[in-house]
Amino acid sequence: MWLFLIIFAVLIIVAFTRLTKLGEQISSLEKRITMLEKKGMIRSDAIRDTSLQPQAGPDEKCIEKEHAHVEKGTAAEWTWQSKRITDQPDITRIKDQPQERVKEVSPGEEVWKKIRNRFEENWTGIIGAVVLVMGVSFIGIYAALFLKPFYRFSMIILFAAGLFIVSLVMKRKPEWVNPATWIRSCSGAIILFACLGSGWIDGLKWIDDVRYAVIFLSLGITVNLYFGFLGGTQAFASLHVILSLIALGIAPQNRITLIISGLIALVGIGFAYRDRWDRHLLLTIIASLIYHLDWYGSMGFSGSGTIPLPMRLTGIITLGTVGFSACLLHYRKLYASKEFDRLPFACHMTNWAFLAIGFLLYSTGSKWNTPVLAAASCALFLLAGRARTKGIRWLHITDRLVAQSIAIFALFTLGRWGLDTLFITAAIYLEILVFAYVMIEEGDAVFKWLGVYLHLLAACVVISVGTFTLMVSGHADVVRNSIILSGVLCLHVFFHLYTKEKPLGSSSIFDVKGDETEVTISGTLVGPLMLVVYAYLYRYVWANYALAVAGSLLLFTRQRVQSNGLGTGLIIALLGSGIFAWVYMWNDIPRVEFIVLLYAIPLLLLSLAATKWSYVETFKKFIVWPGIYLFSAHLIFTCYIMMNHISPFLPGVCWLIISVLYLEAATRVKEKVAQPVVALPVAFEAHLLHVGYALIGLFIVRHVAVHMQSELYVGLVKIRLLIELFAIIVFLYWATFEPPERIKTGPSWYAVHPFFWELVLASTVFTIALEVPVRWHPCAWTLLAGLLLGLGNRFQEHLSRMRLYSLILYWAGVLQLAVISTTYRTPSLKWADQAWVAGCIAMIGLFIYVPLYHRRGRLSEISLSFGAEDRQQAIRHMAERHNFLLFYPLFTSVALFLYWSFDKSILTLLWVTETFMIFVISIILRESHFRYLSMVGLVGCLLRLLFYDLSRSSTLMRAIVFIGVGLLMLAMNTLYTKYKERF
Amino acid sequence: MRTFFLVFVVLAGIGLMWLLYVEKPKTPLDATLAPAYQLLGEAPQSLSRMLSKIVPVNDLDEKEFGDALAQRFECLADKKDKDYLYLNDIMRRLQTTARKPFNYRVYVYPSPYPNACALPGGVVLATKGLLSTLKSESEVVSVLSHEMGHVELSHCSEIVRFELLSRKIGTITLGRLADFAVNVLLRHFYSKTHEDEADNYGYEMLLNTMYDPTAAEKAFRRLLKDSTVSRSRTKTSPRDPISEYFMTHPYLELRAQKFGEKARVWWATHEMEKRYAGVRNLNDRVPYATRQFSDEWVNAYKYK
């Protein structure tokens, strides 16, 4: 079976070689025929036939005949002649053709040459080898039936020797060199077959002692390899190396065969030193690898644990020797090239793959692999440097990368030393950092970027592993892990600063001197790294102080070196650490004020440091907002955590006080930071004001969500009311704040601050709605409306809009007088609890308010701080309908209030009183139409008096009503007489 | 002047904080928007009242409607039942303060869950569970006053005003549809406001009788203790803002605190007063007006 396989392999190789040559010959033949065709000597049909059947004798003749007849020049003759020649296929006829016509093609010599060449080039190697090997095989089989194994062996050896002698003879003639070489190779293969058979093939086996059999096989291999060496080409060398390995593979496997295979491969590699024999090298390496896999399988090993150590070591040594020999092969001046060399590269990479797979197979799993691999990595790294000196660029790059990979792999094996993933990752980071440093120092364009990218990747991996470890193992080994990560952080920072100093060339992700606007990934990664370290330690108070010190140093450094990436990273770190601290403070920190304060102080200081060292050259100003907002957020949160457990009311009040302090700070801080070296940012105060607004917003939210539910009293006063009153005072402080001109430059000033008066008003309305009983609401709205009217008149320039709000509140009072007061019910019998009492007081107030507003309301002069033109227009329209909007709602409301609140029997008297009041108003305001209105009302009342009261009221009530109405009418008459000149 | 104002504001703030630090007041819930919804409900409630004023339906219409409703319960009521007699006796005395011309009637519903509700025209339903949950007559009065408040403040008639109107016209279905539409659109806004108004009415009723004003707080706390009522209303499981919007009643914790504080202030300003609790009255189903136990009187010192 193996014999046929060998033959088959030989046949394939020979056939492949021969077929290539055959193709070339056919092409050259076609060219020649085309040339002839151009000369008009032959017909293309015939050419095609000829070219398709080059070996056919009759066709050859046909060509000759064609030549002759083309000379004659007639197609008919040609046809006849052609037929005749075909009928008489005699080669002598060709000779009968006139000599002068075939002189150009030299018929005799040409034919002989063709036949010889074809034999030589197409058939000798293939058929000869096949026939001979088959013949030997048949003889062997035949002999096997009759002879003893030793004789059979001898017979085969003799046959091989015969072939060898034939090859020697043939070699004397230059034209037979090639077939002679093939015959010699065949003889070598036969000898190898015989040697193999003498030990292990039934029928040929005559050596029982395995040792001798191996020696014999080795002899056969030696001869075979020698013939391969003599072959002088890659094809022969590869053939004999492969045959040797196949033969060795057929023999039972042990350590010796493995060593022999290594020697074969070494010899094969040695052949490749003759020239750039990369194809041969590639085949040798692949064959060697296949042998190793076969050996591994045939030994029955299924896993690394099943291989005995001596076997393992043998395999490793064998592999190492072969692999490194192959590797060194390319370190020759012969390969010097600045261009990428594909075949040697593929060969080199295959060799590394061979080594990798092989070492994986024979891996001992020992922890001592680490130093070995590390040493190998160092050696290869240095070796790769030699490739550079020799000018083999691709090899330099490849082996540097391989060295780097081996180093990383070596670090991975640190797990065998009991080290955990985080430590190993950190070690890999360190290794990559060293690599990157060396590469940058060496100045190689490719490697320095590669080093830096790898370093970024390693940093990302460290961050991921750090996070994952924290998630998986919780807070076990936090100090140890945080120390490891802190080390990585320090190295990362130093390296980042180092790369800032070194010009790395143009890139969009790294800081480049002269282009400071870029945000670097390298610098940005400092943030996540810091954050991971803090994530391990945030439960410790001391960790916050350490964070504050480290963070401040980094902030200071950032300002000095002006690294935008580092700045971005620090913002991430500060924000993230703040969130961690908040989560801890929210969930776990003991609710003791001192501890909370102790925990929070470093974060506050760090935020202040972020404000102080915030100068960014790119923008030519301090970027203070992250620091300010972070500080404020910490402050707000710390206040909450410190105070909420004491009382849920405390944080809100505290925020209000802080808001006032922020407002003051916005005006005063700048005055104290006088003559700075670099000017403070314009928006510094604006940020403080924004925080103040935010604090007030937070208070409002908290008041609605938390304070509002409480009905608790301190003494006889509600706590909620006290807080609301304090809030109104604070809002008033904000509203009356007159800032320096420089603060008034920000848009927020115009967008938010003017509305503080509205906030004061809204808070007051809210407080009244919440704290004052519903029945007193009309009185409260009337009072507030009067107050706003006064305020709007007193501060016409700034607060004229208060008069508009006054009118709105007046309407609210009017509406509530009619609706709320009349539907309110109480089981109490006390006067003070009755809705109509409050309603009457409100009614009096409204009647006082109305003339006041009529005189001082001046709607048309109102100016809104947020005054869009359409709103101003609406106010002008209101001013035009002044009386309609002001008086008639009141008159209607009072009429309804009287109707719904009092007994129907005295309703006429009450309504007449209302008309009297309207009449008085008409006199005061000198408005005739109110007089007419009062007259109409009076007529209505008189009609009711006649048709309702006379028929339904009791006599007493009737008397009272009539007297009352009469007196009022007399009073109206008196007043009219006295003031009629006013109308 | 400005500095003075600043110093005043800061000192006032610090003073307030000191007061809070010393008193350490706590809130019943961590956070809730229910009171805010309750306050916001006042505006739509005013609109609803305006609507009621415009609709030509008066107390007599509501009374007729109530009488019709009462007839349904009348046939189911056991008029010899102690609870029935006891509750109606109390109600008869409470209704002397009522402004609406209704005959207030209480029907006892045989359910173990503590609950009560008011219907238009002065019909009140109370469960047996309510009487077993409450521990004194003053607490029963507190609950009945609350229900009476719903009737007196026209909360019940607002729900059926269009039905009442349509009875006059003769198309009841149309009226019911109109009520349904208005209630769906508006009622969520002010249902908590209604409850608060009825609470206030009930509390004022207590103040105007001889009963202990702390009964309101006690009644709420007893209802809160009842697992069927307090379920999902505890401090540890506050509702989300949307659920709070659709809540029909304010939180019992808030109601208890509100009226507990009011009662505390009342006792602080009425130290010489004596009020009646009526634990034994409830146990014996004998109203205060029929029999007074000397040990049922409480004074301010009891709450100090």
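In the predicted model, helix H24 of chain A, which spans residues 593-612, gives the most to a nonpolar surface patch, contributing six residues. The patch covers about 670 Å² and is made by A:Tyr545, A:Val592, A:Phe594, A:Leu597, A:Leu598, A:Ile601, A:Leu605 and A:Leu608. One of these residues, A:Leu597, has its place in helix H24 of chain A. The relative accessibility of A:Leu597 is 37%, and this residue therefore counts as partly exposed, since partly exposed residues lie between the limits of 20% for buried and 50% for exposed.

Of the 983 residues in chain A, 50% are buried. Contacts in chain A between residues at least 6 apart in sequence were also examined, and 73% of them join residues at least 24 apart. The accessible surface of chain A comes to about 46,000 Å², and carbon and sulfur atoms account for 69% of that surface.

In chain B, three strands form an open sheet with the order E1-E3-E2 and mixed pairing. Strand E1 (105-109) and strand E2 (116-119) of chain B are the edge strands, each pairing on one side only. From one strand to the next, the twist averages 20°. Strand E1 of chain B runs parallel to strand E3 (residues 123-127) of chain B, and five bridges join the two. Within this sheet, B:Arg105 stands opposite B:Val123, a residue of E3 in chain B.

Two helices of chain B accompany these strands. Helix H4 (residues 59-74) of chain B packs on the sheet and touches E1, E2 and E3 of chain B. The direction of helix H4 makes about 35° with that of E1 in chain B. Helix H5 (residues 82-94) of chain B lies across E1 and E3 of chain B and runs at about 150° to E1.

Backbone geometry was also considered in the loops of chain B. Most residues other than glycine have a negative phi. B:Ser154, although not a glycine, has a positive phi of about 65°. This serine, B:Ser154, is found in the loop between helix H7 (137-152) and helix H8 (155-159) of chain B. Because its relative accessibility is 22%, B:Ser154 counts as partly exposed. A positive phi, of about 55°, is likewise found at B:Arg285, which is not a glycine. B:Arg285 lies in the loop between helix H15 (279-284) and strand E5 (297-299) of chain B. With a relative accessible area of 22%, B:Arg285 is partly exposed.

Methods: Residues numbered from 1 in each chain as written. Chains lettered and ligands numbered in written order. Predicted model: local features only at pLDDT ≥ 70, side-chain atom pairs only at ≥ 80, totals over all residues. Heavy atoms only, no water. Pairing = 2+ DSSP bridges. Helix = DSSP H or I, 4+ residues; strand = E, 2+ residues; numbered from the N terminus. Axes fitted to C-alpha atoms, helices over the stretch in contact; angles between N-to-C directions. Contact = heavy atoms within 4.5 Å. Patch = residues over 30% accessible without salt bridge, like charges linked within 9 Å, V, L, I, M, F, W, Y side chains within 5 Å. Areas by Shrake-Rupley, 256 points an atom, 1.4 Å probe, with all protein chains shown as cover. Salt bridge = Lys/Arg side-chain N within 4 Å of Asp/Glu carboxyl O. Buried < 20%, exposed > 50% of the residue type's maximum accessible area, 1.4 Å probe, protein only.
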